Structures are given as structure tokens and as C-alpha cells.
Amino acid sequence: MLSVVPINETEKWDEIVKGFEFHDIYYLSGYVRAFQINGDGEPILFFYEDNTIKAINVLMVKDISKEKNFLDKVPKNTYYSSSTPYGYGGFLIQGKVTNDSLMNLDREYNLECKKMGIVSEFVRFHPVLNNSEMVTPIYEVTNLGRTITLELNSHNEIWNCLTSQNRNKIRKAKKAGVDIFWGRKTDLFEKFRPLYNGTMDRDGAIEYYYFKNDFYSSILSDLKYNSLMFYAQYKEEIIAMSVILFVNQQMHYHLSASDKEYQHLAPTNLLLYEAASWGCENGYKTLHLGGGVGSNEDSLYTFKKGFNRNSNTYFSIGKKIFDEDKYQDLVNIRKQESGFDERNSFFPLYLA
């Protein structure tokens, strides 16, 4: 009833995922491979099927013995932590979902994860698919904040949902001579990396967000049918760039960068408007921009809200402990550290 598919079984993995009506980019093997390269863990696809439902979940699994706080403190290949891949995820369930079928899924899933040594799971649920609601009986779910999603049913709808301030910025960018293009050439990604790193410098980002060359190479090769680089050009110079991902009528604003010197031209405003228009022309239904930093309604959220003031999607997280004894053992190890705060709300607490 429950099977586990490793990342090296690419064809089987993607065939299973594409068998779900509402599958999205975050579940495909090509997406998670880049984050495997980035050191986020070993990707695993869980596939469950019975007489009434089928379900999938993708996890990035890491050996806790390799975490800095547990080096030489726990045996290798014994304790594992898991989370959904960077972006969004959580269970996709299809069929006639009842409380009994959900409980059967949960029982099989918990047993398998515990058998594999996975101590806990942290989930970033998918705002557009809104898959958190269905699994509230089996996860501890917390709603964190709003996200912005553009409906791409028509050009008129895209334009009418913009705030008046954003419309003015888009008009001004066009009038100033900013042009938007898109493509997949290697040199575009080579241009993107330093521009993106400069953006991360300005934002005070942690080391995790400074992706290496092989990460971008994976996007190029593993997502060649599901990614485009949109870029803004002004007087033959690229001044803003965004990696846009797409599959199954859904688009996502993945990574973005801009040159601070040209921010007054609002190139990213025009870029996202053109990306939405491209999506509309090519049969996509939504473009998800995400929310603010830490799900706060900050300046980033305000910028994104300018593209759809009526957006009603929200971001939720989920928590699950598979092995309470191992979880507490790991927390107890951390308690030996001076300054460790066991009242910290971070999950899992042992990685706080």
C-alpha cells in the first residue's frame, strides 16, 4: 500500500507524480535534484494507494549525525530529520477521502518513516493547492500568513488586479525603454548568479541562499521543460532577472535578482507583469509570487500584493514526530549545551 521511490528512479518517480491531477513543480524529480545538490538532503517520494485514495509526499531526508550540533554525539545512519523541499509541498491526496482512509494512510506512513529512522517531519504546505486543510487530522498545522497568487485567465484580469501604483510603475518602465525577454541559455544563468548574490548581500541573506554553479546547472538540465529565465534589459544591459518555474497550468516566481542602480526604473514590476502575460498566452492558470520574509506582511509582501490586491492564498506549515523517544533523546543532547533554550518554538527543537 505504501512504497518509497528513491531519486535515482527518475522515470518511475515522475510517472507517479504526473498521475495526480493537481501535481506541481515541487514534486518532480527534476526540481528536488537541484536541492539535493545544494545539500538539503536525500529526496524520497512516498506513494500510497488503496481502494479509495492514492497519495504522494516528497521529503528531503538528512542524517542528523552530520549536523554540527550532533557530530560524534549520535551514531551514523540512525537518526534522520526530514522536511518538504525548498518551496512548498506536503501530501497530495486524490480519490474519495474519508476519515478512515486518512487514518490508514497516516498509520502506514508513520510506521514506514519510523522504520527508516526518520524522527520528525517539517512541512511547508502548498498555498495554491491548499493541501493543508485535508491533513489537519494527521499533522499539527499552523497558518502563518498570506501569499500572493495571480489568476491568469485573461490579460484584462491580470491588469485589473494590479494596484494603481503598480500599473503606473509598469507604464513608466515601458516608457523609460525597459524591455523584457526570456530564454534558457547558459550565459543567462551565468549572468544571474552574481546579480542574485548581490541581491542576497543587500538583503543580508544567510549562506544557504548563495547557490553554487552546479545548482543552476541542474535547473538548466533537469528542468529544461519547466523553467525559463525572464530578464529586463535597459540600454543593452540586463538589470533584473527572475527564474520562473511552471508545470500543469501553474507558474512560480522562484528566484529573483536586480541591479540596485536601476531599481528606480521598476524593472521587476514590468518583468513579473510580462511573465504573467506569457503564462496567460500559454494556457497557465496561476502565477504564485509567495509572501513576505518569514510570512510577515513586510515590504516584500507589499511589493507582491501590488500584482493582486485580492489574492486570498495563505501559507501553512505542518509538524509531525514519528519517534517521540528518539526526538527527546536528541533534545536532551542539545540541553547539554550552554545557552540552549528548550522553550524555543523552532521545529524540530533538536535543530534549533
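Two rings of Phe, Tyr or Trp (its six-membered ring for Trp) make an aromatic pair if their centres lie within 6.5 Å. Keep that in mind for the first view of this predicted model.

**View 1. F246 and Y284 form an aromatic pair.** By that rule, the count of aromatic pairs comes to 35. Here's one of them: the ring centres of F246 and Y284 are 5.6 Å apart and the planes meet at 70°, and planes over 60 degrees apart count as edge-to-face, so that's what this pair is. F246 belongs to strand β10 (residues 237-247), while Y284 is in the loop between α8 (267-281) and β12 (286-290), so the pair ties together parts that are 38 residues apart in sequence. Both F246 and Y284 are buried.

**View 2. Y253 sits in strand β11.** The strand covers residues 250-258. Y253 has 16% relative accessibility, and buried means under 20%, so Y253 counts as buried. Leaving aside residues up to four places away in sequence, Y253 touches S242, V243, I244, T268, L272, L287, H288, L289, F303 and K304. Take L272 from that list: it's 19 residues from Y253 in sequence, yet their C-alpha atoms are 8.4 Å apart in space.

**View 3. Y253 meets S256 through side chains.** Look for the polar contact between the side chain of Y253 and the side chain of S256, at 2.9 Å.

**View 4. The charged end of K54 sits over the ring of F20.** The distance from that charged end to the ring centre is 4.8 Å.

**View 5. K326 and Y79 make another charge-over-ring view.** Here the charged end of K326 sits over the ring of Y79, 5.2 Å from the ring's centre.

Key: Residues numbered from 1 in each chain as written. Predicted model: local features only at pLDDT ≥ 70, side-chain atom pairs only at ≥ 80, totals over all residues. Heavy atoms only, no water. Helix = DSSP H or I, 4+ residues; strand = E, 2+ residues; numbered from the N terminus. Buried < 20%, exposed > 50% of the residue type's maximum accessible area, 1.4 Å probe, protein only. Contact = heavy atoms within 4.5 Å. Polar contact = N/O pair within 3.5 Å; in protein donor to acceptor, adjacent residues only side chain to side chain. Phe/Tyr/Trp six-rings, centres within 6.5 Å; stacked < 30°, edge-to-face > 60°. Lys NZ or Arg CZ within 6 Å of the ring centre and 35° of its normal.
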